[in-house]
Amino acid sequence: MQEDHAQGTLAEFEFRGSASEYFGIWIVNLLLSLVTFGIYSAWAKVRTKKYFYQNTYVAGRSFDYHATGGQILIGRLIVIAGIVAYTILAAVPLVNLIMLLGLVFLIPYLLVRSLRFQARVSSWSNVRFDFQGTWGSAAGNYFLYPIIAALTLYTTWPFVTRSIQRFHVNGHTFGTTPMSFDSPIAPFYKAFLCSALWVIAGLIAILMIMGVNASTFEAFKTFENDPKNVAAILTILSLYGFLILVLVPAVIIYHAMVRNTVYNYTVLGDGHRFHSDVSALRLLWISVSNAVIVGLTLGLMLPWAHVRRVRYLANHTIFLPAGPLDEFVGTVSANVSAIGDAYGDIEGFDIGIAV
Amino acid sequence: MDEFPEDIGAPVHGRAYPPLSSREISARLAVGTNTVWLIDAQGQIQARCALDELTVESRVGATERRVNFPDGTLFLTDRHTALEHLLADTSGSRLHHAEKFHPRLILISVACLAGAWGLWKYGLSVLVALAVWMTPPPLVSAIDTGVMQALDQVLTKPSTLNAGEKAKVQDSFNRVLAALGPAAEDHDYTLKFRDLPGMGPNAFALPNGSIVVTDDLVRLVSADALAGVIGHEIGHVAEQHGLTQIYRSLGAFVLIGMMAGDTGPVLEQVLLEGNLILSLSYSRQHELAADRFGVDLATRAGFDPDGLSEFFDLLDQEYGDHGDDWFSTHPGFKTRQENLKSLTQGQ
């Protein structure tokens, strides 16, 4: 029934789920998580992941997610115990300094474990992914290179982004088939300039609308002398709001353009390629309007917002197979604990992965 | 799609993959008395096992059902009803049924909103109380020692009060503490004198019972006001406000992280900052609770109940009232005085 897809020249990513169906899954998950004080959330995560993976098809074959709720729960319990111990001990000076040094080593380790876990519990067409990136490489990409980039006033930030994407893509394998990514630096600088342009345009707009030069400084002064002055508070709050309107979209634009580049320059095995043509402004519109709608509906439209975003991304991603899809071979790999993954869930790694 | 009556009892067609392979084949499932076969389009048996060795994953939405053979062969089918009929399997169907888009979901949504509010309002307090109770005392005492050492190196100077001034304050402290009764044994209450230039008349408490008063406080305020301030700090320790605040903001952070899942880039920021503002509101509530606790304690020790209130007047004159705002850890002096007034009038 699906054989005719295999030799096609291009195969689209498609998301076959629906917002109404996901709403049911999401709300039941939430209720069960609430009445169990969050314990069920581990199983809820698995169910949600399964829903999105199993509904995402490439060339008529779906992804799958294989972690179990028990695995996730154990990982989370260990991480919570660790965070509690850390928070209490952090109140003790000196000890917190030592712990901070420890974290510098622990975070790259957890990051690699997290990526490995996520890869090994994900599959497409019955073949699981794997991740072989190293701890040292993670430390370099997330700690060392950003510091070096800061020394150049972030003008070399696109190089850091490209290096991080190499770390992610080249570290992954699909079964025994390697993945690789490399690209010229120009597309990364293009993304960087576009988001920088947004920031500059936004700042100029703030200057024009609010006349920052005199009246805002005045407002800050008034606020210091008379903290109840409503006009001053409003001026300062709207300044803060404008800064969010400038910075958050800039990040979204950057990620969208980097995503396109990563897909367009990634090769799977001998010549299977990808193509992504996500529009940064369209994605920005989706993110902002999603946030507004979810906020106005007390969160009840979250499933709809999530499906809308996922569907947009899937509709703008294409797989370009270079040969038959029946010949990928998987490997049996040992289970890896979910500690890194749980840490990512709770603390939120900002790994900037382009998916 | 699973409602088609002709599907029932029909052969279960689908697609299968051999172990560790992406090779896709059309196949169907057949069941004998105790054996399951996977048969391909040419009629060849691709895999077989005993019925109880088969693992059938529970249904998630309308996605294809996954059936795993023990050798690693995977079979997928969207013939849900036929499969359930063939294997007499209903695992996970109750959950799947509850998730169907149906007016019942409105009820579940209301229950969720109420549950989220209840967990925030009461559930978290229970979890926090449990965590405070489970915290080992040596850890709490280590916090006190560590913080005092750090403060002494960075911020504070040795007290310049003379022995007589110190003795008077120590005496008030002992009297207020005695009013606490047997509860005074729960913590290691100790009074410490420090000079904190630039901090003005001030006092603070650490979770294990170290209570620090500044020289300015001792010099500027009356014995009654001082007793009220000491009572306030004892209140923070006795009611474990320090640990409670640490655990509460941590608990909310963890719960949001686990339950909200992926909320998208913009909302995530909003949620985290909202949590911070709400935890400040808890800090202000703790201040008011400690005020009431302190005045009550000082009164029982024989001091004037208006002492603390007069101290707020003094602060108001010297430093001005910043009023109640969302971004403060402490409520305004006016609010604190009204809070105390309701206490003295209530008695």
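Chain B splits into two domains: domain 1 covers 5-99 and domain 2 covers 135-346. Their C-alpha centres are 64 Å apart. The model is a predicted one.

**Cores**

The largest nonpolar core holds 87 residues. A:Ile27, A:Trp124, A:Phe167 and A:Phe319 have the most contacts inside this core. Leaving out residues up to four places away in sequence, A:Phe319 touches A:Leu10, A:Ala11, A:Phe13, A:Val58, A:Leu268, A:His272, A:Arg273, A:Phe274 and A:Leu325. Another core, of 35 residues, lies apart from the largest one. Its members include B:Ala203, B:Ala225, B:Ile234 and B:Val237.

**Interface of chain B and chain A**

| Item | Value |
|---|---|
| Residues from chain B in the contact | 64 residues |
| Residues from chain A in the contact | 66 residues |
| Area buried between chain B and chain A | about 5,500 Å² |
| Salt bridges across the interface | four salt bridges |
| Polar contacts across the interface (both residues at pLDDT 80 or more) | 21 residue pairs |

Carbon and sulfur atoms give 68% of the buried area. On the chain B side, B:Leu20, B:Ser22 and B:Met258 lose the most area to chain A. Together they make up 12% of what that side buries.

B:Arg66 forms a salt bridge with A:Asp64. The closest N and O atoms of this pair are 3.1 Å apart.

Which elements of chain B give two or more residues to the side that touches chain A? They are strands S1 (12-17) and S7 (74-77), along with helices H2 (93-99), H3 (104-134), H4 (137-154), H8 (241-260) and H9 (265-300).

Terms used. Residues are numbered from 1 along each chain as its sequence is written. Chains are lettered from A and ligands numbered from 1 in the order in which they are written. This is a predicted model: local features need pLDDT of at least 70, side-chain atom pairs count only at pLDDT 80 or more; totals for chains, interfaces and linings use all residues. Side-chain values use heavy atoms; hydrogens and water are left out. Domain bounds come from an automatic or database domain assignment. A nonpolar core is a set of buried Ala, Val, Leu, Ile, Met, Phe, Trp, Tyr and Cys residues joined through side-chain atoms within 4.5 Å. Buried means under 20% relative accessible area, exposed over 50%, partly exposed in between (1.4 Å probe, protein chains only). Contact means heavy atoms within 4.5 Å. Buried area is the accessible area (1.4 Å probe) that two parts lose on being put together, summed over both. A salt bridge is a side-chain nitrogen of Lys or Arg within 4 Å of a carboxyl oxygen of Asp or Glu. A polar contact is a pair of N or O atoms within 3.5 Å; within protein, one must be able to donate a hydrogen and the other to accept it, and residues adjacent in sequence count only if both atoms are side-chain atoms. Helices (H or I, at least four residues) and strands (E, at least two) are DSSP runs, numbered from the N terminus.
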